[in-house]
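Open the model in your viewer and keep the selection tool at hand. We will go stop by stop.

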Amino acid sequence: MPRAFTPKVVTGNALLEGDVIYLTEADGWSRDLAEAEVLDDEAVAQLRLLDAQSRPGEVVGAYLADVSPGANGPEPTHFREDFRRTGPSNYSHGKQEQRSGTEFS
Amino acid sequence: MYRYTDFDAGFVAERNCQFRAQVERRIDGSLTEDEFKPLRLMNGLYLQLHAYMLRVAIPYGTLNSGQMRQLAYIAERWDKGYGHFTTRQNIQFNWPELRDVPDILDALAEVEMHAIQTSGNTIRNVTADHFAGAAADEVADPRPVAELIRQWSTDHPEFQFLPRKFKVAVTGSPEDRAVTAAHDIGLRIVETAEGGIAYRVLVGGGLGRTPMIGKVLHDALPEADLLPYLEAVVSVWNLLGRRDNKYKSRIKITVHEHGIDEIRRLVEERFAETRTAFTGIDQEMLAAIRSQFAPPAFEQASTGAFEAAYERDPVFRAWADANLAAHRAPGYAIAQISLKAHGETPGDASAAQMRVMADIAERFGHDELRISHEQNVVLPHLRKDDLPEIHAILREHRLATANIGKISDIIACPGMDYCALATARSIPIAQEIATRFDALKTEADIGDLKIKISGCINACGHHHVGHIGILGLDRAGVENYQITLGGDQGPDATLGSRTGPGFSADEIVPAIERIVDAYLDLREDRNETFLETYRRLGMAPFKAALYDKAEEARANAA
């Protein structure tokens with residue numbers, strides 16, 4: 001029996017900065033997972049991924065990542081995606097630095 | 001130190017110019033990522049978990065103060081103010097932006113540095129003993145031949161698209177501080193009966209998914225034959241190497257599948273052809289290179305100030321005992337600067353720290369620095385009487401941790417905090433172990449003990465040759481850490497043996513503590529090291545300490 005489809009987001013790295021980015025419902029990119037479009041339907045998810053992959057000037061290595069619904073938007077279900085969301089453990093760099101300082105673009 | 005010729009400088013400038021155009025074409029959409037990726041990798045540029053990463057070659061780990069200062073400048077201007085020194089004696093910048101990378105490469109070229117062949121399926125940056133040219137036990141300085149191999153392998157037309165990456169290490173000392181047995185080719189300089197030098201050639205070593213210790217391909221290769229012989233080895237592997245499966249493509253698998261005797265026969269056959277193509281110009285070049293590695297003019301140095309400080313100051317004495325090594329010249333010492341302050345990221349140095357180390361090298365150390373494969377910095381030529389002052393400067397900048405070779409001098413790969421390939425984190429585990437044993441104040445008592453941590457099966461953290469090795473894996477979506485014991489990176493390199501089931505991130509540090517406690521109970525006396533105790537008693541008592549107590553704790557909790 002095929003495995004049931006679980007909710008996903010489209011993610012990858014920004015071409016210029018290399019930052020982790022997420023596809024939003026408005027077809028933009030956000031650095032914040034909470035703003036990502038959650039895809040509950042497999043066919044739609046595949047289409048959204050194809051959309052993302054057709055924008056190579058913006059994103060590198062787009063793929064679908066598992067999420068689960070949370071109080072403040074989607075939450076990662078695997079620790080790798082959690083680290084991608086938050087940034088490295090040893091310094092307040094990447095996402096943590098941005099959260100404490102500048103706004104997300 | 002080797003200085004670039006006009007040819008070298010022109011070559012690097014041309015390459016940077018090409019890459020600048022390639023980056024521009026990627027940004028304007030003329031190149032797809034699939035087209036661009038091999039081009040960026042040829043110039044050391046990866047895309048990792050959170051950002052791009054630029055790996056810069058530090059050939060055989062040798063730097064001068066100007067080069068170190070330029071690395072500091074790059075760290076501040078284009079990165080986040082620090083750099084990460086690696087087990088292959090390179091430096092990695094973890095946060096560059098794509099459009100800045102050509103400028104970074106130009107800045108490197110200003111000080112005769114580059115990122116060529118720090119990635120890709122080609123012959124990578126050649127590594128060497130970090131005490132080269134200074135060690136008391138050295139047969140010959142390995143750096144001239146490492147430089148010759150670099151020149152031979154850079155853009156070598158036959159070896160740009162090998163079955164996989166290819167790593168060469170050279171040591172000039174019987175102590176083998178270059179881990180030659182864990183390289184695709186390891187070269188050990190040996191003395192001949194006539195008083196000359198020759199090369200013991202090891203082949204097919206490597207860690208990773210299928211760890212193997214290199215096998216001796218040639219016991220005493222004459223110096224004049226070295227390059228044609230290396231060319232024959234790589235050429236044979238280039239033809240035989242498995243391109244159908246990247247997990248079986250390294251030369252260690254080729255050697256394993258065909259057997260060392262068959263590989264030797266094929267190499268000799270090919271060598272008969274390659275030898276004729278080498279006219280001797282390589283030996284002329286080697287002689288010219290060697291002249292550039294002439295040792296500094298050592299003075300007749302007194303040691304009175306050193307000895308007085310050693311007697312008077314216990315902090316200095318602890319540092320001197322742990323971090324100094326014997327120099328070939330009387331009155332001199334080799335100092336290792338630990339980049340493993342307790343709780344810090346192994347191998348990281350801030351721009352300010354890089355400048356401090358550069359200043360010390362310039363003022364006291366004949367302008368030489370080395371990066372060790374253990375992710376520390378070495379000042380190879382220091383007058384002993386200058387050491388108290390040097391130590392005081394290092395202390396001011398959190399660079400005087402007296403832990404070389406101790407439990408907190410941990411090799412740790414970047415792990416899942418930075419690396420796209422990693423399956424678990426390494427850095428926080430290293431930080432926690434170092435902090436724990438610092439708090440327990442047992443580090444000095446424990447003595448020599450090498451812990452090495454990898455965040456995935458590729459073993460960049462050399463865990464297989466750690467006295468205690470830790471391998472981070474993903475077990476059903478949770479970080480899990482396996483332990484190996486008894487590995488050794490020395491001249492009789494040994495792979496560690498797995499203890500059994502792994503431990504969660506919360507359990508791994510207490511597990512390491514149980515192993516160390518068992519060692520302290522089991523050792524014959526303070527002089528018996530962890531590795532000696534393990535070799536004497538084997539796995540069983542350590543395994544009992546590791547798992548029985550864990551079971552006890554679980555039972556008590558229930």
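**Before you click**

This is a predicted model: local features need pLDDT of at least 70, side-chain atom pairs count only at pLDDT 80 or more, and totals for chains, interfaces and linings use all residues. Residues are numbered from 1 along each chain as its sequence is written, chains are lettered from A and ligands numbered from 1 in the order in which they are written, and side-chain values use heavy atoms, with hydrogens and water left out.

**Stop 1: the interface**

Show chain A and chain B in two colours. How many residues of chain B are in contact with chain A? There are 32, and they touch 24 residues of chain A. Contact here means heavy atoms within 4.5 Å.

The two chains bury about 2,300 Å² between them. Carbon and sulfur atoms give 58% of that area. Buried area is the accessible area (1.4 Å probe) that two parts lose on being put together, summed over both. Now select B:Leu49, B:His50 and B:Met416. These three supply 23% of the area that chain B buries against chain A, more than any other three residues.

**Stop 2**

Select A:Glu97 and B:Lys80. Their side chains form a salt bridge, at 2.6 Å from N to O. The rule (a side-chain nitrogen of Lys or Arg within 4 Å of a carboxyl oxygen of Asp or Glu) finds 1 salt bridge across this interface.

Next, look at the side of chain B that touches chain A. Select α1 (6-27), α14 (427-440) and β19 (478-485) of chain B: each supplies at least two residues of that side. Helices (H or I, at least four residues) and strands (E, at least two) are DSSP runs, numbered from the N terminus. The largest share, 3 residues, comes from α14(B).

**Stop 3: a hairpin in chain A**

Select residues 59-70 and 73-76 of chain A. These are β4 and β5, which pair in the antiparallel sense over 4 bridges. Two strands pair if DSSP finds at least two bridges between them. A hairpin through 2 residues joins β4(A) to β5(A). Find A:Pro69: A:Pro74 in β5(A) stands opposite.

**Stop 4: an antiparallel sheet in chain B**

Which strands make up this open sheet of 5, and in what order? The order is β3-β14-β15-β12-β11 in chain B, with antiparallel pairing. Its edge strands, β3 (62-63) and β11 (324-326), each pair on one side only. Zoom in on β3(B), which 2 bridges join to β14 (369-371). There, B:Thr62 has B:Arg370 as its bridge partner.

Axes are lines fitted to C-alpha atoms, for helices over the stretch in contact, and angles run from 0 to 180 degrees between N-to-C directions.

**Stop 5: a mixed sheet in chain B**

Another open sheet of 5 strands runs β6-β7-β8-β9-β10, with mixed pairing. Here the edges are β6 (127-128) and β10 (215-222). Select β9 (197-203): β9(B) and β10(B) pair in the antiparallel sense over 5 bridges. B:Val201 stands opposite B:His218. Finish on helix α5 (143-153), which packs on this sheet and touches β7, β8 and β9. The direction of α5 makes about 160° with that of β7(B).
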